[in-house]
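Open the model in your viewer and keep the selection panel at hand. This tour goes stop by stop.

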Amino acid sequence: MLNRREFFHSLLNYGKQKDENLFVLPPYNFNRSLFYKFCQECQKDCVDACSRVCKEGIIKSNGKSVYVDFRVDGCKLCGECAIVCPNGVLEVGEEGWENRANWNVAIVIEENLCIAHQKTMCYTCKDICQSVLGISNAIEFIGLFYPKINRECIGCGMCIKSCPTNAIGIRERENV
Ligand code: SF4
Ligand code: SF4
Ligand code: SF4
Ligand code: SF4
């Protein structure tokens, strides 16, 4: 079995997103050390549960642990992965699913890649956010341009693959 350092190193090199040093943990986790403790030996029911609710499944396994790949799709925040987790790594709660996802990352727009920051009109991300989720304020524009993702964002990642210039990425969330 890998030691703790090797375990997290293997995740960093496999589950990477835009930032090569950052990976997205499945939602509803409140103790990250539990991934190290349980996931390697687990049957990874969360992967199967997610593939039942998402077409391709966004929870992936590298054989040792699990991570979310927003490049495949966004998260429906359905809670199915937490319901089936046998080890309490992902926790079922009584509050609304959307409000307790506790992502380890935040969704951000990289201004140098976003065409609306170069004064070309584009609302793709906002359209997705509004039409799919009904969230009207998660992406704010100043006038017609300069979109920013604000605190209303629930971290679902639905906007990520919709962006024509791959300008939407992730950064580590503080105070997780
Ligand atoms: S909440 Fe649902 S869609 Fe999101 S990762 Fe879990 S099973 Fe997949
Ligand atoms: S079901 Fe739970 S313990 Fe098993 S791999 Fe998924 S998060 Fe880890
Ligand atoms: S979809 Fe991408 S390019 Fe268009 S406004 Fe949103 S972040 Fe910018
Ligand atoms: S990640 Fe945030 S901004 Fe993007 S679609 Fe989801 S709620 Fe909207």
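Select N102 to begin. N102 sits in the loop between α4 and β3; helices (H or I, at least four residues) and strands (E, at least two) are DSSP runs, numbered from the N terminus. N102 has a positive phi of about 55°, although it is not a glycine. Is N102 buried or exposed? N102 is buried, with a relative accessible area of 19%. Buried means under 20% relative accessible area, exposed over 50%, and partly exposed in between (1.4 Å probe, protein chains only).

A note on the basis of the tour. This is a predicted model, in which local features need pLDDT of at least 70, side-chain atom pairs count only at pLDDT 80 or more, and totals for chains, interfaces and linings use all residues. Residues are numbered from 1 along each chain as its sequence is written, chains are lettered from A and ligands numbered from 1 in the order in which they are written, and side-chain values use heavy atoms, with hydrogens and water left out.

Now select N29. N29 lies in the loop between α1 and α2. At 1% relative accessibility, N29 counts as buried. Show its contacts (heavy atoms within 4.5 Å). Leaving out residues up to four places away in sequence, N29 touches F35, V89, L90, A101 and N102.

Move on to N31. N31 is also in the loop between α1 (4–14) and α2. N31 counts as partly exposed, at 35% relative accessibility.

**The core**

Select I59, F70, L77, L90, W103, I168 and I170. Of the 48 residues in the largest nonpolar core, these touch the most other members. A nonpolar core is a set of buried Ala, Val, Leu, Ile, Met, Phe, Trp, Tyr and Cys residues joined through side-chain atoms within 4.5 Å. Elements that give two or more residues to this core include α2 (33–38), α3 (45–53), α5 (124–133) and β6 (168–172). Domain 1 (4–100) and domain 2 (105–172) both contribute residues, so the core lies between them. The domain bounds come from an automatic or database domain assignment.

Turn to ligand 1. Which residues are closest to ligand 1? They are C50, C75, K76, C78 and C81, out of 13 that surround it. A residue is near a molecule if one of its heavy atoms lies within 4 Å of it. The shell of ligand 1 has 11 nonpolar residues, one polar and one charged. Ala, Val, Leu, Ile, Met, Phe, Trp, Tyr, Cys and Pro count as nonpolar, Asp, Glu, Lys and Arg as charged, and the others, Gly among them, as polar.

Next, ligand 3. The residues around ligand 3 include C114, C122, C125 and C163. Its shell has 10 nonpolar, two polar and no charged residues.

Then ligand 4. Of the 13 residues that surround ligand 4, the closest are C129, C153, C156, G157 and C159. Here the shell has 11 nonpolar, two polar and no charged residues.

**Last stops**

Select Y146, in strand β5 (residues 145–149). Phi of Y146 is near 55°, a positive value in a residue other than glycine. Y146 is partly exposed, with a relative accessible area of 30%.

Zoom out to the whole chain. The chain has five helices and six strands. Buried residues make up 45% of its 176 residues.
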